[in-house]
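Hi there,

Here is the structure I promised to pass on.

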Amino acid sequence: MSLVSTSSSIAPNSEIVNSNPTVEEATAVAEKLRDMALVPNPAVTEPPLFAEVDMGADASSPTVRATVVQAATVFYDTPATLDKAERLLAEAASYGSQLVVFPEAFIGGYPRGSTFGVSIGNRTAKGKEEFRKYHAAAIDVPGPEVERLAAMAAKYKVHLVMGAIERDGYTLYCTVLFFDPQGHFLGKHRKVMPTALERIIWGFGDGSTIPVFDTPVGKIGAAICWENRMPLLRTAMYAKGVEIYCAPTADSRDVWQASMTHIALEGGCFVLSANQFCRRKDYPPPPDYVFSGTEEDLMPESVVCAGGSVIISPSGAVLAGPNYDGEALISADLDLGEVARAKFDFDVVGHYARPEILSLVVKDHPMAPVSFVSASENPHKRPDLP
């Protein structure tokens with residue numbers, strides 16, 4: 001089942017498979033909706049909002065309604081972006097969503113088209129100022145923005161997966177934040193390998209932030225954009241039992257869909273990929289912000305990232321999307337029984353593994369550049385010696 005709401009303001013416009021149910025069919029579906037508690041109890045005086053909710057689920061095979069958000073950051077304005085995130089989260093929750101996934105770098109922004117004034121052997125003053133502004137729009141983890149996101153998750157009673165630019169001193173990281181419906185911050189994943197020019201503005205994550213969280217709606221983890229192409233990173237996540245694999249991205253090309261389908265099949269997991277849909281006007285106008293090499297060809301309405309957000313089942317079936325039409329909430333009901341059915345065929349870290357031939361070692365501790373050891377931790381060490 002897929003549910004899609006799409007417009008420039010993300011107003012409700014759901015796709016419904018059975019658009020003309022009989023009164024008997026509508027009544028039966030309404031009773032199922034009440035039993036499944038996926039949406040508020042509808043009055044039986046009119047057809048329910050979602051007429052195709054029955055996926056044959058039972059108590060041993062729960063169904064989870066998930067939404068991927070396809071929307072643009074309010075660039076350089078983190079408070080406004082948080083306001084927008086809350087509006088989108090409220091709308092997703094109104095559809096009965098239990099899990100909501102936002103795109104890569106939604107909080108803080110994806111600096112598409114910017115070079116930050118860098119060439120080999122040189123950095124410009126304007127580029128350094130661009131980084132200062134970008135650094136100012138990032139968030140501390142923990143910090144007040146994280147507290148607000150946690151409060152949103154609690155207010156709307158959803159599991160929230162949010163892409164953000166994390167500020168750690170003067171180094172930035174492309175990060176995914178996880179929250180539960182009680183308003184707890186569960187943890188984070190830092191992108192382990194920024195792509196190409198991203199490496200000049202983002203630091204590298206390490207093995208200490210590759211979590212998979214065991215939640216009431218399934219085991220949730222995330223990999224960001226092109227690190228999804230890293231087989232060993234994916235294998236580490238499979239070994240942790242990921243069932244709902246979130247893939248926030250900035251890649252809207254058609255070939256991205258092939259990667260998402262492959263991961264769903266390889267991992268026997270649901271894949272939820274969220275990307276921004278944004279136009280030139282969603283970024284500051286020139287000369288404050290310039291799309292290097294293409295600025296002269298762009299108009300305010302020009303699309304600079306076309307989305308392509310998608311939800312794929314463990315069997316490789318596309319449940320919702322890909323959407324290239326505009327900002328949207330793209331939703332599907334996930335039958336978690338599909339995970340076991342897919343693993344029966346292929347379990348990459350289980351019955352299909354050959355550890356006596358191929359194995360993986362993951363260093364899951366923080367890689368700190370500086371460590372301090374006090375004299376009290378080594379009483380036999382002279383304090384005046386290194």
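**What I found**

Among contacts in the protein chain between residues at least 6 apart in sequence, 69% join residues at least 24 apart; contact here means heavy atoms within 4.5 Å. Please keep in mind that this is a predicted model, where local features need pLDDT of at least 70, side-chain atom pairs count only at pLDDT 80 or more, and totals for chains, interfaces and linings use all residues. Residues are numbered from 1 along each chain as its sequence is written, and side-chain values use heavy atoms, with hydrogens and water left out.

**The chain overall**

The protein chain has 7 helices and 17 strands. These are DSSP runs numbered from the N terminus, with helices (H or I) of at least four residues and strands (E) of at least two. Of its 386 residues, 51% count as buried. Buried means under 20% relative accessible area, exposed means over 50%, and partly exposed lies in between (1.4 Å probe, protein chains only). The chain exposes about 18100 Å², and carbon and sulfur atoms supply 57% of that area. The areas come from the Shrake-Rupley method with a 1.4 Å probe; for residues, only the protein chains shown count as cover.

**The annotated residue**

UniProt, in an unreviewed entry, places the feature "active site" at Glu104. UniProt positions are given in the numbering used here, feature names are shortened, and annotations may be inferred rather than shown by experiment. Glu104 lies in the loop between strand 3 (99–101) and strand 4 (118–119). Is Glu104 buried or exposed? Its relative accessibility is 2%, so Glu104 counts as buried.

**Salt bridges**

A salt bridge is a side-chain nitrogen of Lys or Arg within 4 Å of a carboxyl oxygen of Asp or Glu, and by this rule the count comes to 22. One of them joins the side chains of Lys84 and Glu327 at 2.8 Å, N to O. Lys84 lies in helix 2 (residues 78–94) and Glu327 in the loop between strand 16 and strand 17 (328–335), so this pair ties together parts that are 243 residues apart in sequence. Both Lys84 and Glu327 are buried.

Glu86 and Arg148 also meet through their side chains in a salt bridge (3.1 Å, N to O). Because Glu86 lies in helix 2 and Arg148 in helix 4 (residues 144–156), the pair ties together parts that are 62 residues apart in sequence. Glu86 is buried at 17% relative accessibility, while Arg148 is partly exposed at 27%.

The side chains of Arg234 and Glu266 form a salt bridge as well (2.7 Å, N to O). Arg234 lies in helix 5 and Glu266 in helix 6, so parts that are 32 residues apart in sequence are tied together by this pair. Arg234 is buried, with a relative accessible area of 7%, and Glu266 is buried, with 17%. Salt bridges that share partners also join Asp83, Glu86, Arg148 and Lys155 into one network.

Helix 6 (residues 255–267) has 13 residues, which at 1.5 Å a residue should span 18 Å; its end C-alpha atoms are 19 Å apart, which agrees. The expected span is 1.5 Å times one less than the number of residues. Among the buried residues of helix 6 are Trp256, Met260, Ile263 and Glu266. What covers its buried residues includes helix 5, strand 11 (244–246), strand 12 (270–273), strand 15 (309–312), strand 16 (318–323) and helix 7 (337–345). Just after helix 6, Gly268 takes a positive phi of about 55°.

- Thr78 lies in helix 2 and is buried at 9% relative accessibility. Not counting residues up to four places away in sequence, Thr78 touches Ile107, Gly108, Ala137, Ile139 and Glu145.
- Ile200 is in the loop between strand 8 (185–190) and strand 9 (212–215) and is partly exposed at 35% relative accessibility. Leaving aside its neighbours within four places in sequence, Ile200 is in contact with Thr115, Phe116 and Val118.
- Leu232, in helix 5 (residues 231–239), is exposed, with a relative accessible area of 57%. Leu232, Leu360 and Val362 make a nonpolar surface patch of about 250 Å². Patches are made of residues with over 30% relative accessible area and no salt bridge: like charges are joined within 9 Å, nonpolar side chains (Val, Leu, Ile, Met, Phe, Trp, Tyr) within 5 Å.

Best wishes
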